[in-house]
Amino acid sequence: MGYITLPRRLFLWCMALIYMVAFVSLYLQIPGLYGNDGLLPARWQLRYSGKALWEQLLSSPTLLWLAPRLGLDTQTAMELLCLLGAALSLAATVLESLRDSLVFLFLWIVYLSMYQVGQVFLYFQWDSLLLETGFLCVLIAPVTSLRGWRAGREHNPVTFWLVRWLLFRLMFASGIVKLTSRCPTWWGLTALTYHYETQCIPTPLAWFAHQLPVWWHKLSVVATFTIEIAAPFLFLSPLRRLRLGAFYMQVVLQVLIILSGNYNFFNLLTLTMCLSLLDDEHIYFWLRKKYTPNPNQGSSLWWAGFVVEIAVWALIGFGTVTWFDLQINWDKWTVSSRTVFTFHQFNQFLKTVTFPSVWLGVLSLTWELVSSMFRCACVEGFFKRFLGTVQWTVFGAAAVSMFAISLVPFTFIEYDSNASVWPGVRRGYDAVSRYQLVNSYGLFRRMTGVGGRPEVVIEGSMDKVTWTEIEFMYKPGNLSAPPSVITPHQPRLDWQMWFAALGTHTHSPWFTSLIYRLLQGKTDVIELIQSDVSQYPFHQQPPTYLRAHRYKYWFTKTLADGSYPQRWWRRVYIEEFYPTVYLGDTFLESMLSQHGLKDKSLPRRVSEAAVPQVVKGGGCSRKEYRMSRRGFSPPSLSFITPTSLVSSSHAMLGCLEDTRTLIEASQ
């Protein structure tokens, strides 16, 4: 593989940007989700039992244990950490010198601190993926603060291979679990006929994609299996053209997902990981600049590599046509497809390839280690060569260690392979599992909403006679409201409402807390539903009664004459989801007690010291920001825009400057 200096720098820039987006998105939702009057107050997760600080950090690694020592309550400490994380990641986005290993270590620690108390609202696979990728940044980024600007050029690149391995695990597992789940829609290749309308928060383009013919949806599922199961093996190939082909296949898939669904920063993070498949030569090709190749690069056997590449692409094409029985109907200009293998055959295939894929990873990592060692040996000067060898030893050991412990979650996809993992590796994984260094993945395991998209609609009333629906900003509700475009923001309450609709309210204990807070009229929670509180139907006075019903939603269809309907959705009433309750209601009180949602302790009083007061000032900035949006943004649009992100970032930097000034004044 050629030099990877530019892809690594671009990767670190993208990671800083994604960190900023994640922190800003979470910061805006902290009061409603984790505040003292929020749905799941974070202070409930921190039990101050009198243990030493070190013991508390070991039991639950989060910086929030330091809040009492700073005179902060848990909510204020979370806001402070998010502000620091967002400001530092913004600075790292602007200044390359701050894309430093120590900076990324701080960002990782801050996000891990949020994750530890985030409960169900932060337990998404992309949060785990951000933590794992973020930790890899600590190994990939140079320590420029200690070694100067040249550190970026001299930093050993072997750890960058770990991003490729993570990308392989993510994509391969995501393809495998679709078939191991035995979901009939994936096996019947009909999953995408439901996906566009049943995903959590579709975009307007999802409505148009849903109108495409069934044969196209089935062919798209075949392409998805090829991209997610076959193509990932090319990530580990030493042949650059195979990796480039796999790169563009992943880009097409991720861009199509971004256009048709709102999956926050997840697809952007996956695209960022795909940069590990590139080299400097291809980046220069993008920039239309002349590239001077490495004199040691290339081989007289280039033709052998070309033959291997042609054979690999032919094998993938032949396998796809054979396993899915692709046939072209020239009369109708359609392509028919069906799954011709059985679950038993697929299970045997999985047993056959899982452990060999581990050894393929070993060979690929070995290739990277040897190549990196060769580069160290070619450096002129004994001292530089010695330092390069020491650096190669350290980062090589780190890469081998991370690869080894990742085998445990990777082999979760196949029981026998997982049972064969060496005990020492399993003990190592158990020792670090709480830090989310490596995780298991598997997206879209089963297709939900086959009989219609379940949706929970909350209604409020003052007299128990006239009921008014409470409309959320992003999730489907109003039949005439177009779907939203909110990427990269993640409205975490809207997402959990989607999961809640799949079961009963007892499976989502936080829903009882939502009902309780709305009956109390808590503004922080209301702002999760409508950032412009004036759009909330009970903004002047909380409702006396609340209830919730379950509906099934479907996208409308184009009319017979080819014109578009006036509404985006149609729905049918299914059943009661939550009974009518009021403050003091026996059922509501029993649910609050059953789920442990009663206030267990009084919130810690915010100190009058400098740091707490400045963070409170930051909270005012957030409220001013929300007030500025009132009466401006329609339900179909996001209040997260590039302009608002920059405005929020400026407010954060101002808060940090005020903090520094007040601290200096207090000293």
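Is Leu205 buried, partly exposed or exposed, and at what relative accessibility? Leu205 counts as partly exposed because its relative accessibility is 45%; buried means under 20% relative accessible area, exposed over 50%, and partly exposed in between (1.4 Å probe, protein chains only).

The model is predicted: local features need pLDDT of at least 70, side-chain atom pairs count only at pLDDT 80 or more, and totals for chains, interfaces and linings use all residues. Residues are numbered from 1 along each chain as its sequence is written, and side-chain values use heavy atoms, without hydrogens and water.

The protein has 27 helices and six strands. These are DSSP runs numbered from the N terminus (helices H or I, at least four residues; strands E, at least two). Of the 667 residues, 54% are buried. The protein exposes about 29600 Å² (Shrake-Rupley method, 1.4 Å probe). Carbon and sulfur atoms supply 63% of that area.

Leu205 lies in helix H12. With Phe208, Val252, Val255, Leu256, Leu259 and Tyr564, Leu205 makes a nonpolar surface patch of about 650 Å². Patch residues have over 30% relative accessible area and no salt bridge, with nonpolar side chains (Val, Leu, Ile, Met, Phe, Trp, Tyr) joined within 5 Å. A salt bridge is a side-chain nitrogen of Lys or Arg within 4 Å of a carboxyl oxygen of Asp or Glu. Helices H12 (204-210) and H14 (240-260) each supply at least two patch residues. H14 gives the most, with four.

Elsewhere, the axes of helices H1 (residues 5-27) and H16 (residues 280-287) come within 6 Å and cross at roughly 75 degrees. Axes are lines fitted to C-alpha atoms over the stretch in contact, and angles run from 0 to 180 degrees between N-to-C directions. H1 and H16 are therefore roughly perpendicular (65 to 115 degrees). Thr5, Leu6 and Pro7 of H1 meet Asp280, Ile283 and Tyr284 of H16 in this contact (heavy atoms within 4.5 Å).

Technical notes
Patch = residues over 30% accessible without salt bridge, like charges linked within 9 Å, V, L, I, M, F, W, Y side chains within 5 Å. Parallel < 35°, antiparallel > 145°, perpendicular 65-115°, else oblique.
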